Every structure is written in structure tokens, then in C-alpha cells.
Amino acid sequence: MGNKLSGKDLIKLGFPKNNSINIALGQINRYRKREKKESILTEAKDVLLHPEKFEGHGTWGKVAEGLIKPVQVRMHQLKTTRVPFTIFGENEIDEQAKFQLYDSLKLPISVAGALMPDAHSGYGLPIGGVLATDNAVIPYGVGVDIGCRMSLSIFDLPASFFKGKEHQLQAILKDNTKFGMNETHATKADNEVFYKSEFQDIPLLKNLLPKAYKQLGSSGGGNHFVEFGIAKIDNPENEWKLGVGEYFAVLSHSGSRGLGANIAKHYTYLATKQCPLPKNVQHLAWLDLNTHDGQEYWLAMNLAGEYAKACHDDIHRRIAKAIGKRVVVTIENHHNFAWKEIVNGQECIVHRKGATPAAEGQLGIIPGSMTAPGYIVKGKGNAESLNSASHGAGRLFSRAKCKATFTQSEIKKVLKANDVTLIGGNIDEAPMAYKDITKVMGNQIDLVEVLGTFTPKIVRMDR
């Protein structure tokens, strides 16, 4: 008998000859391969005799589920009719994005849907797609960058704070922000998120903890940014301690980094295995929330969301410390996430993939581009949009199209005309790549009330 556990060992213990053996071997080989075979077999015997004790357990939970109530894997077909939906700013949205929404509306789990005015096609749900489902979560309905979000910090400093400090502020951005796959802060910060039980209980997350710790306070590549700009407040909230006027502010856009990407990849794979769908809609595979994997993804997704917030908090803390001033108002929101919300009287899972939550009174920030203003908004709680709004201006040109269409000198001209300094940034994030934000905002006056704007002045992105 070698030291590697085999299916025969488990059958000898009395495990049924079904998928629970494959599941057990997969989990053990992935997460417990350094342990002694004897101790694993003793634990396996206990699982076999008392599976109910191991429900939700990191390594054995799935095996216990296989012994008590195995997940039914069967081919799902799309329904012939679509559930109710509304499209905002229909004339500005490409056909492919609409077709992607239409497919999602025919899933057997779908309850209602909506498309925001900044929408464009993506994987699974289109970007700008909102979908309410019944007790099921679609990993690609949340997106690869789980908890991708905006955070705006407004200082009690006038807009004139910029005068004569441009070089100093550029240096602060360079020194206190890190971007892309390789940059991390030399001095690491701690955060309460790292002590959450999910990091210990879910083997996948335990393996990702060192990476998450290393990447805290950094931003992704692509369209992620940290920028200094001017927040113009037209309609202050009572609790803000700020009057109407123009203030110095910092805005960041980023998500859950490697942690979220790995969670998305792992659970998308499990969803496609458990929920076979016709090939053209395989990206919409879901996890039933009553299953072990569904519950685990829900916990992992929420953890990734908290981690994304922790990253933004760390960025803003570093910058405020470098400036030596206190933040008076923070406005923040996720725009790649799923929430439990009531839709038409029933509890649903509401996926927002590139959409801002806009329940009544909910504050948010909808960015434009590096040369166009972003908008500080308050939700109107519109049921037709499933309490959502756009997450930005939306792309007009794909990344590949940008590279083929624009040049660095054209970008420099546009930046100069708008008095914006750019540190880093690639052609695929050219200001011209985006739709007109004023048009997008005009198409969602029923969804949000505008409280003010944010105009970028010094922008830092990945190189």
C-alpha cells in the first residue's frame, strides 16, 4: 500500500461507487496531499458514517453532499420566452450586447433583467447587464473582477489646492499607488479582512491569502486608475459637512485583484461542470445556492468584495497621509457583484456586471473617462432598472480597435486640450475609446439624481 490515496482505499472503507469518490480524491489531492494516508482514511471513515457533521466543510463538504443529496447534473435548455426586461438608452447600445441579455433572460432561473445605457458586449452577461435569478448565482454574471468598484474621497480643501503643486501631487501618486501584475507596496498594511474565517475554512482561499496580503492597496491593469481631480458639489447631502462648491478630491477604480480572478476562474469551472448548457450560452452556467459549491462561491464572492473595499481604503489612506489632510466625505460602490434583493415580492440574486446599485437614496459614483467628468449620484430606486444605473460611459471601441485606430500623439493632444496629466496608460484606454458620458447620463435621468461631478486632473494608470 503506497502513501497515495486511491479510489480502492475509499471503496474498501465502504464509500459507494459513485461520483463522491472522485470528488473526495480531487479535494484530497488538491488540498491535503502532504498529510499521512492513515489520518486521511480515519477522517474519511467519519465522513462516511456521519456525513451530516461535514456539511459545509472545506475539504469534505462536497463529499458529504455527494453522500446525502448529490447535485443533479443534467443538460439545461433555454426557455423559448424571455422574462420581463427594460433597456435604457437602446439606440446607443450594440446589437451583440442586447442579444447577450436576451439569452440570459431565457435561462430557467431568470426572473427579470435590465440593460444600462453604457452597455456593451462581454463574456456571459454583457457589461452593463443586470439580471435577477431565483436562488442561483452565475459567476460570469458577476464577472472576473469580483467587487470591482469606485471610491471617491473629498477633502475639505478648495480646488485651488492644485495651484503650484502639480509636480508634488504627481510624485504622491507615483509613490503611493501600485498597478498591474508585478508592483506591490514595500511597506505592507494589515487589514481585518485577512482574519475572516473564510480564509481558513475554504481551501482555495487559504492558498490565495499570501497573494491577497501582498497585493493589498494595489490596482489592476486595463481601465483601473487612481486620480486627483476637482469634485464640484451642486447638491450636498446634509451629513456631508460640505457646502456647494469645488473641492480637491481623489477617485480610484479597481477590484479584488488576483484573489477575485482566481475565485471567478475556479467557480466558473465548477458551474460549467454542474450546469451543462447549450454551447453558445455556456458562459451563463450557474451554481444553485442550495449546493456546497453555490454556498462556497457566495462566501468567497462576498470576501472578494470586502477585500476590494480594503484595497481602496488602503490607497486612500496612503494618499491622505502623504497630503497630510483628512478626508471629509467618501462615496463608494461596487459595480461587479451579486446581491440578495427583493424583486417583484420575491428574494432574488441580483447580478450587476458593470452596473451601479441605485436603490432609493443610495449614493454612487459614475466615472466618465480621463478627460470627461464623472458624476456623483443618488439612486431613485427605479424598479424597471432593478435599482441600477450605468457604471461609467461604456466603451465605444474595443481594446483591439483602439490600438488599430488611435495614436499616442492623438491621445496627448486630447489630454492637453483638457488640461489632464497622465502617468502610465495605454492606447486601449484612450479617452476617445469611450461613449459620451453626458449622453449616457441623459438616458438615465429616471434612475439617478446628480449631486455633483468629478473632473480628473492628474491620472495614474498601469503602464
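What follows is a walk around helix 9 and the helix it packs against.

Reply: Happy to, and please keep in mind that this is a predicted model. Beyond its neighbours within four places in sequence, Ala-212 is in contact with Phe-194, Phe-199, Leu-259 and Tyr-307. For a sense of distance, Glu-192 is 20 residues away along the chain, and its C-alpha atom is 12 Å from that of Ala-212.

Helix 11 covers residues 292–323, and its axis is 12 Å from that of helix 9, at an angle of about 10°. The two helices are therefore roughly parallel to each other, and their crossing is right-handed. On the helix 9 side, the residues that meet helix 11 are Leu-205, Ala-212 and Gln-215; facing them in helix 11 are Ala-300, Leu-303, Tyr-307 and Cys-311. By class, this contact has 6 nonpolar residues, 1 polar and no charged.

Helix 11 has another partner in helix 7 (residues 166–176), whose axis comes within 10 Å of it and crosses at roughly 140°. This crossing is right-handed too. Here Ile-172, Leu-173 and Asn-176 of helix 7 touch Arg-318, Ile-319, Ala-322 and Ile-323 of helix 11.

Now let's step back to the nonpolar interior. In soluble globular proteins, nonpolar side chains tend to be buried together. The largest nonpolar core in this model holds 57 residues, and Leu-205 is among those with the most contacts inside it, along with Val-137, Ile-146, Ile-263, Tyr-267 and Tyr-297. Helix 9 and helix 11 each give at least two residues to this core, as do other elements including helix 10 (257–274) and strand 10 (336–343). Helix 11 supplies the largest share, 9 residues.

Ile-146 shows how such a residue is surrounded: apart from neighbours within four places in sequence, its contacts include Ile-263, Ala-264, Tyr-297, Met-301, Ala-304, Ala-308 and Phe-337. There is also a second, separate core of 52 residues, with Ala-112, Trp-240, Ile-365 and Val-459 among its members.

Notes
Residues numbered from 1 in each chain as written. Predicted model: local features only at pLDDT ≥ 70, side-chain atom pairs only at ≥ 80, totals over all residues. Heavy atoms only, no water. Contact = heavy atoms within 4.5 Å. Axes fitted to C-alpha atoms, helices over the stretch in contact; angles between N-to-C directions. Helix = DSSP H or I, 4+ residues; strand = E, 2+ residues; numbered from the N terminus. Parallel < 35°, antiparallel > 145°, perpendicular 65-115°, else oblique. Left-handed = near helix turned anticlockwise from the far one by under 90°. Nonpolar A, V, L, I, M, F, W, Y, C, P; charged D, E, K, R; others polar. Core = buried A, V, L, I, M, F, W, Y, C linked by side-chain atoms within 4.5 Å. Buried < 20%, exposed > 50% of the residue type's maximum accessible area, 1.4 Å probe, protein only.
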